[in-house]
Amino acid sequence: MLLEQLQAFWDRDTGIKRAQLARVEQAAEVPHAVVISGLRRVGKSTLLAQMAHRLGEGSFYYVNFEDDRFLGFRPDDATHLYSTLVELFGERKTFVIDEIQNIEGWEAFVRRFMDLGYKFFITGSNASLLSRELGTRLTGRYVPVELFPFSFDEYLRFKNETAFDLARLTTTDSALLQKELLSYLQFGGIPDSLKYPELPLLRTLYDDILYRDVVTRHRVDSVPVIKELGSFLLSNPAALISFNKLKEQFKVGSVNTIKNYIGFLENSWLFFTVNVYAHSVKRQQIAPKKVYCIDTGMGNSLGFSFSPNTGRWLENAIFLALRRRTSEIHYCMTPGGYEVDFFLPTTGQLIQVCHDYTNEAARKREIRALEDVFQAIRPSEALILTDMNDTPFTLRGVPVQVRKAAEWLLDD
């Protein structure tokens, strides 16, 4: 099994170079474990393979705990596993391990070998690997790396559409770039789904995650409820949700049940929730949350909508681009009750997403919301991301840029 795994891993197609490879290479220089976490089938193993080819074929051990032949493997078996690896490949100082969350108590094995000077590159499909759970397991001795579906730039490179020079865009180039953005919003960035568009891989992936990473892992009793909840969230990207209203809608006995179910879906990387920006922690907790899907293609393919919903999916794509950079993202509700899509407290930047800036009513609505929020927040700058570039302006003393979303996303 170990021989087969290593051979398959080394021979796999490493695909396009992922942006996160630079972070993994940087983390390779320190003794900490490198933990790559993200959705199933998002390319974690491929990213590991790209790093492994930097290390060299004879320099690491490879183990994939997703293999069903590891069923029943216990932490006590780790010593025997190591002995077998040494017998097969000799002594090496680096472990490359896929889907480690499948082995209960894995952290004891990792800690023990890290103390002996071994380096670990680890992947997992559970978001808890990058949260408080991992912090207690490895006591700070790890470097977290989050891997998302393809960014817009990676999507273009995957399609061999790399000829866009933002400094010299012609009118034709600009139109083609906008066309590619609409395609990206429709099909998303899951590698296999883009490679084999004729197959229903997004449905298979979603169902696999729902049943394996949510229902089975968390022992969910009300399977129909969590299925309907997931479908509702897929169908309402960038929407405000209230736990109380969802409790009534899905007829569950407790708000905590809804909170837990959404937490399970977040831990499996299917969705993200965003809090309102407020100085009161209590208000952040009780106010409605905004929900975003991990992949616009998954939402478009599996969600239900009477219309294309392009504006909402554009906002979803902008959120994913921001989330690749930071987890400190909020939305704002103005004193007048208007909504501002994003506020980044660390930079003081407000961001509005407007699908059609030529629509006068839509343009005025976005600017009105920005102007109103200045009564409560004094940002360093504001940005409107839309379908065109326009002249910057100042609003109540705050500089406001208007940028074409497709061009801004290429900076992701």
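Reader: Which strands form the open sheet with antiparallel pairing, and in what order?
Author: This is a predicted model, and in it three strands make up an open sheet in the order E6-E8-E7, with antiparallel pairing. Strand E6 (239–241) and strand E7 (271–274) are at the edges with a single partner strand each, so one side of each has no neighbour in the sheet. From one strand to the next, the twist averages 40°.

Reader: How many bridges join E7 to E8?
Author: Four bridges join E7 to strand E8 (residues 289–293), and the two run antiparallel. Within that pairing, threonine 273 has valine 291 in E8 as its bridge partner.

Reader: And which strands does helix H11 lie across?
Author: Helix H11 (residues 223–234) lies across E6, E7 and E8, and it runs at about 70° to E7. Helix H13 (residues 255–267) also packs on the sheet, where it touches E6 and E7, and its direction makes about 120° with that of E7.

Reader: Switching topic, what is the strand order in the open sheet with parallel pairing?
Author: That open sheet has five strands in the order E2-E3-E4-E1-E5, paired in parallel. At its edges stand E2 and strand E5 (142–147), each with a single partner strand, so that one side of each is left without a neighbour in the sheet. The twist here averages 15° from one strand to the next.

Reader: How many bridges are there between E1 and E5?
Author: Strand E1 (residues 33–38) pairs with E5 in the parallel sense over six bridges, and alanine 33 stands opposite tyrosine 142 in E5. Helix H3 (residues 44–55) packs on this sheet, touching E1, E3, strand E4 (119–124) and E5, with its direction at about 160° to that of E4.

Reader: What about the other end, where E2 pairs with E3?
Author: Strand E2 (residues 61–64) and strand E3 (residues 94–98) pair in the parallel sense over four bridges, and valine 63 has isoleucine 97 in E3 as its bridge partner. Together with helix H4 (residues 78–89), E2 and E3 make a right-handed β-α-β unit.

Reader: At what angle do H1 and H4 cross?
Author: The axes of helix H1 (residues 2–11) and H4 cross at roughly 65° and come within 11 Å, which means H1 is roughly perpendicular to H4. The crossing of H1 and H4 is right-handed. The residues in contact include Leu2, Leu3 and Leu6 of H1 and Leu81 and Phe89 of H4.

Reader: Polar, nonpolar or charged, how does the contact of H1 with H4 divide by class?
Author: The contact has seven nonpolar residues, one polar residue and no charged residues.

Definitions and conventions: Residues are numbered from 1 along each chain as its sequence is written. This is a predicted model: local features need pLDDT of at least 70, side-chain atom pairs count only at pLDDT 80 or more; totals for chains, interfaces and linings use all residues. Side-chain values use heavy atoms; hydrogens and water are left out. Two strands pair if DSSP finds at least two bridges between them. A crossover is right-handed if, with the strands pointing away from the viewer, the path from the first strand over the helix to the second runs clockwise. Axes are lines fitted to C-alpha atoms, for helices over the stretch in contact, and angles run from 0 to 180 degrees between N-to-C directions. Contact means heavy atoms within 4.5 Å. Angles under 35 degrees count as roughly parallel, over 145 as roughly antiparallel, 65 to 115 as roughly perpendicular and the rest as oblique. A crossing is left-handed if the near helix is turned anticlockwise from the far one by less than a right angle, and right-handed if clockwise. Ala, Val, Leu, Ile, Met, Phe, Trp, Tyr, Cys and Pro count as nonpolar, Asp, Glu, Lys and Arg as charged, and the others, Gly among them, as polar.
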